[in-house]
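Me: Please take a close look at the surroundings of the ligand in this model. Then carry on from there to the neighbouring topics in one connected account.

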Amino acid sequence: MFFHPGRTPRGVVVAALAAVALLAPTGQAGAADSRAAAPPLRELAAESGRFLGLGVNGPLLDQANYTAVAGTEFSSLTPGNEMKWGSVEPTRGSYSWAGADRIVDYAEAHDQEVHGHTLVWHSQLPDWVANGTFADGELRQVMTDHVATEVGRYAGRIARWDVVNEPLNEDGTLRDTVFLREIGPDYIADALRAARAADPDARLYINDYNTDGLGAKSDGMYELVTSLLDAGVPLDGVGFQAHLILGQVPASMEQNLRRFADLGLEVAVTELDVRMQLPSDAAKLQQQAVDYGAVVGACVAVDGCAGVTLWGFTDADSWIPPTFPGQGAALPWDENYQPKPAYHAIVEALGGDPAPEPEPGSCVADYRVTNRWNAGSTVDVRVTTGQPIAGWTVTFGLPVGESVVSSWNTSLTQSGTTVTARNVSWNGTVGAGGTLGFGFQTNSGAVNAAPVLSLNGTTCTTAGQAPS
Ligand code: G3I
């Protein structure tokens, strides 16, 4: 069974990070954006019945600033590496599930779907598969056993599986892989059948890159999936990775998604990023916003498009820089975890409105508990100012007995129940309509109402309320 992405509970305690504006410590031109808070992307996506997903980096789920976004903005998680064959079965018959389990547990704790990635792929294979010697028919059995074992382990907990990943050459023919060589073209159907048998409720996908627009490779994908459907092979969806280059979103993307959806298949954008030559500048970031908006807009325009997954959210964690030297800045949050123009373009493509800016002399505060456990919680604070400020002091109260144990992006002190958070050297200057932000961790997991906050002595209204 799989669940649809639900709305994140709103209000006093649990909600998402949203648009913020800080002067980034690197001083990167135009990196952050000065508009105020919008609802979590997952809520906006859910309005049209879609998911908004994240290709997640498992080890980073230990970091408060990472999980503050990962756990709240997204309604689907795709493990970036932890479910690949080389990760889960490095030695034949010996499975290692810890990384994958962690992500599935995390997703369930945050009311998120899981997009399983990936079962049969020529890359990140263990050596015993990639370079093994197999008797006739042996690799078919090895492959279907692997699929049955992994899908079976998570049966009922995975919404979608990339059963076969990147099976095509650029000309649309089948890629030369160990599976094609040893098993023949039927390896794709065999893998799909094994997955269906192991979890009848998971939606089974074929996923590839450079198939986003019309062209030889996507024609090859179209022929492949048509032949599989004609043969009664269990296939539910086609994934379009969308690893794109600045300014090069295919104009035919919507048309391409639609022709697959018209086959009765679900389609999804599965690994979106838009890379650019570094350094970034305001013009490039604006083009990137246009590109993100175009991709998300293409999905929203196609009824059968289930959602969009970003291949990471922060430029501090992306596969691009190590893979394409000199390129990067491919994601909607910058290296300091601040939303870029691309973030706002996604908001708008999902039908969201930029939040109104406060009047001069007023401020709007957004106090959000981003994680809570038995004896602790993390909180993200955003305050949007109606006038320019050069240095800020934010004050608020905590319940008796609740103490701040650590904080970030602020110099914070506590006296009794009163907390005073001041800017640090790099984030004191905020323009009119801009947002300052900081976070902290406390020793209490109790559920309490959000406190009233003041900015430089002015009491702020709470996000979502009209300024009085
Ligand atoms: O875990 C080791 C670490 O111990 C070691 O210190 C480090 C040194 O290089 O490597 C780490 O492993 C890296 C792994 O990501 C985890 O970070 C590998 O070297 C690196 O090759 C691997 O890259 C992954 C890549 O797939 C491999 O092809 C990326 O994270 C992952 O984002 C990327 O994702 C793929 C999709 O699965 C399929 N579509 C294309 C997409 C981008 O390549």
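Reply: The shell around the ligand is made up of three nonpolar, seven polar and three charged residues. The model is a predicted one. Out of the 13 residues around the ligand, those that come nearest are Lys84, His117, Glu166, Glu271 and Trp311. Three of these names return with polar atoms facing the ligand. His117 places a polar side-chain atom 2.6 Å from an oxygen atom of the ligand. Glu271 has a polar side-chain atom 2.7 Å from a nitrogen atom of the ligand, and for Glu166 the distance from a polar side-chain atom to a ligand nitrogen atom is 2.9 Å. The ligand taken alone exposes 780 Å², of which the protein buries 43%.

His117 also deserves attention for its backbone. The peptide bond that runs from His117 to Thr118 is cis, and its omega is near -5°. Thr118 belongs to strand 3, which covers residues 113–120. Another cis peptide bond joins Leu278 to Pro279, with omega near 0°. Pro279 sits in a loop, between strand 8 (266–277) and helix 11 (282–301).

Asp111 lies in the loop between helix 4 (98–109) and strand 3. Asp111 is not a glycine, yet its phi is positive, about 60°. Its relative accessible area is 34%, so Asp111 counts as partly exposed. Gln124 is found in the loop between strand 3 and helix 5 (127–130). Phi of Gln124 is near 50°, again a positive value in a residue other than glycine. With a relative accessible area of 35%, Gln124 is likewise partly exposed.

Helix 5 leads on to the aromatic residues. The structure holds 18 aromatic pairs. One of them joins Trp85 and Trp128 edge-to-face, at 6.1 Å centre to centre and with 80° between the planes. This pair links distant parts of the chain, since Trp85 is in helix 3 (residues 85–88) and Trp128 in helix 5, 43 residues apart. Trp85 has 2% relative accessibility and therefore counts as buried. Trp128 counts as buried too, at 17% relative accessibility, because the cut-off is under 20%.

Trp97 and Tyr154 form another pair: their ring centres are 5.8 Å apart and their planes stand at 85°, so this pair is edge-to-face. Elsewhere, one aromatic cluster is formed by Tyr66, Phe74, Phe313, Trp333, Tyr337 and Tyr343.

Five strands make up an open sheet in the order 16-17-14-20-21, and their pairing is antiparallel. Strand 16 (411–415) and strand 21 (458–459) are the edge strands, each pairing on one side only. Strand 16 pairs with strand 17 (residues 418–422) in the antiparallel sense, over five bridges. Within that pairing, Thr413 has Thr420 of strand 17 as its bridge partner.

Conventions
Residues numbered from 1 in each chain as written. Predicted model: local features only at pLDDT ≥ 70, side-chain atom pairs only at ≥ 80, totals over all residues. Heavy atoms only, no water. Pairing = 2+ DSSP bridges. Helix = DSSP H or I, 4+ residues; strand = E, 2+ residues; numbered from the N terminus. Buried < 20%, exposed > 50% of the residue type's maximum accessible area, 1.4 Å probe, protein only. Near = heavy atom within 4 Å. Polar contact = N/O pair within 3.5 Å; in protein donor to acceptor, adjacent residues only side chain to side chain. Areas by Shrake-Rupley, 256 points an atom, 1.4 Å probe, with all protein chains shown as cover. Nonpolar A, V, L, I, M, F, W, Y, C, P; charged D, E, K, R; others polar. Phe/Tyr/Trp six-rings, centres within 6.5 Å; stacked < 30°, edge-to-face > 60°.
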